[in-house]
Amino acid sequence: MLTEVHVPEDVSAAVRLVASGATALGGGTSLMPRLNDYASPPTELVSLRRTGLAGVRRAGSTVTIGAATTLSQVEHDARLDVLNPVVRSIASVPVRNLATVGGNLFARQPYGDLAVAFVALNAVATLVDENGTSEMPVEDLVAADRRSVLVTAVAFELPGPGTFKYVKAARRRYNSASVVTVAATITESDRIVTGARVALGGVGARVIRAHAVEDALVGGQLTDSTVQAAGQAGLSELSPADDAYASAWYRTRVFPVHLRRALLGR
Amino acid sequence: MSIKIVNLKVNGVERAFMARPETTLLLALREQLGLTGAKRGCAQGACGSCTVLLDGVPVVSCLVPAVTIDGTDIGTVEGLADGRELSDVQQAFLDGFATQCGFCTPGMIMSAEALLSRNPDPTTAEVNEAISGNVCRCTGYEPIVSAILDAARRRRLGTRVDATAGEEVTR
C-alpha cells in the first residue's frame, strides 16, 4: 500500500526523495495498478506532476522531451509526428493522458513501446541523481533496473523522411500489449542500406537491440530476400515469453512477418 | 503516513476533502464527494469505467492519487445534464439504446464528450480510437459508436431531439 505520496515543486526535491528510497511516479499507469490492490509492499511515491518536467523543445533537428510529458502531448505535437504512430499504438486515450515519456522507459515488456522506438532512434536520456546530471543512451538505460535515479528528459535527432519504421502487432488495433514490436531507423544510399538500428519489443523481458538483423541488412538492398534473411538471423536474438497475449512460440513464428511489414511496408 | 486536504473544482463547484496517500481520484469522487457515476471496474486502468475529465482531458481516475492533483478541474458524468435536460451525448445514448447494463456508460460518455469537444465531426475510426479505453462487456459497441456519431451530428446542427415529443427542436 501507499504510505506517502510526495508532490515536490522542483526537480532537486524529487531527486532527494528518490535517493532516499521513494519511487518516482510519472502518470501512474504502470505503478498504480500494482499499488491499488492494498496488498503491495509499503511504498513511498514522488509525483513528478509539479516538477516542471513536461514539455517539448526543438533545436535544429534535435528534439528534447521532458520526462513528465504525457504520451497524449507527444501524440498532438506536430514536431513529433515521427512518434505519433508509436504513442497511438500504446494503451488508450484516458491512459495516454496520464502516462509519461519518462515512465514508459520503466515499463516492462510487453509494454513500453515508446522505449523500443527510442532505442531505434538512438535517443539519449538525461538522468539526475544526488551526484548531478548525466546522460545515458536509452538503450543502456532500459537494459537494467534503475531504482535511485530520476530521468528528466529524452532527446534524439529527428530521423530523415521515411527512414523511421514502426510496426506493433497486438491482439487488437488499440489498447493491447505488444505481441511483437519492431522499430527501426534505416538509412540508404543508392538503394543500399548504409545504416540500420533495429529495436524489438514484446519478444523479451526487456527491449532487444537486434544487432544480427542490422548486420544482415547493412550493405544490401531492402528486398524480400534480404529482409527474410535478416528475420531468420534475428531469431537467435529473441527470448520471448508466454503470457496472456501470445505464446512464446507464436511470437517467434510471427516475428519475421512483422519485421518485413515494418521494413517493406507489406 | 500523512493525510492532506485536497481542493478540486468538480463540475464547476469548489470541493475540499481529506485524502490518505492511497486515496485515488475515483475513491474520493465516490466515497467522499458522493459522485458515484464513475465506476470502479478493474482498478488497473484497463476498463475505463472510471473515466472522468482532468483539466478537460479524459483519464482513468482509478490510477490518479488524489493528493497529486490538488487545484485541478474535474468533470464527471453528473455535471453534464442541465437540470432534468440531458446533454446531447447522454440523450443520444438514451435514444440509441446505447446503454445496455449501464456500467461502462459514464466512462463512455466522458470519453465521447472529450472527443467531441476536440473534434466536432469525427469519423467512425476516430470514435473507435477515442473509446478504445472503455470496455463494454455487454459488447454493445455498435450502438455506442452510432450514438456518439449521432451526438456529434446533433451538436453540429445545434439541435436536440426532444425526448418526450420525439421531434427535433432547434435550440
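Q: Starting with P21(B): buried or exposed?
A: P21(B) counts as buried, because 21 C-beta neighbours lie inside 10 Å. Buried means that 20 or more other C-beta atoms lie within 10 Å of the residue's own, exposed means 12 or fewer, and partly exposed is in between, with C-beta atoms placed from the backbone.

Q: What kind of model is this, and how are things numbered?
A: This is a predicted model, in which local features need pLDDT of at least 70 and side-chain atom pairs count only at pLDDT 80 or more, while totals for chains, interfaces and linings use all residues. Residues are numbered from 1 along each chain as its sequence is written, and chains are lettered from A and ligands numbered from 1 in the order in which they are written.

Q: Where does P21(B) lie?
A: In chain B, P21(B) is in the loop between β2 (13–19) and α1. Helices (H or I, at least four residues) and strands (E, at least two) are DSSP runs, numbered from the N terminus. The C-alpha atoms of P21(B) and G45(B) are separated by 18 Å, and the two residues are 24 apart along the chain.

Q: And Q32(B), where is that found?
A: Q32(B) belongs to helix α1 (residues 25–32) of chain B. Q32(B) counts as partly exposed because it has 16 C-beta neighbours inside 10 Å.

Q: What about the antiparallel sheet in chain A?
A: That open sheet has 4 strands in the order β9-β10-β11-β12. Its edge strands, β9 (164–170) and β12 (208–209) of chain A, each pair on one side only. Strand β11 (residues 192–201) of chain A is joined to β12(A) by 2 bridges, and A199(A) has R209(A) in β12(A) as its bridge partner. α11(A) packs on this sheet, touching β9 and β10 (178–189) of chain A.

Q: How do α10 and α11 of chain A pack?
A: Helix α10 (residues 224–234) and helix α11 (residues 248–264) of chain A pack at an angle of about 135°, with their axes 9 Å apart. Axes are lines fitted to C-alpha atoms, for helices over the stretch in contact, and angles run from 0 to 180 degrees between N-to-C directions.

Q: What does that make them to each other?
A: α10(A) and α11(A) are therefore oblique. Angles under 35 degrees count as roughly parallel, over 145 as roughly antiparallel, 65 to 115 as roughly perpendicular and the rest as oblique.

Terms used
Two strands pair if DSSP finds at least two bridges between them. Two residues are in contact if their C-beta atoms, placed from the backbone, lie within 7 Å.
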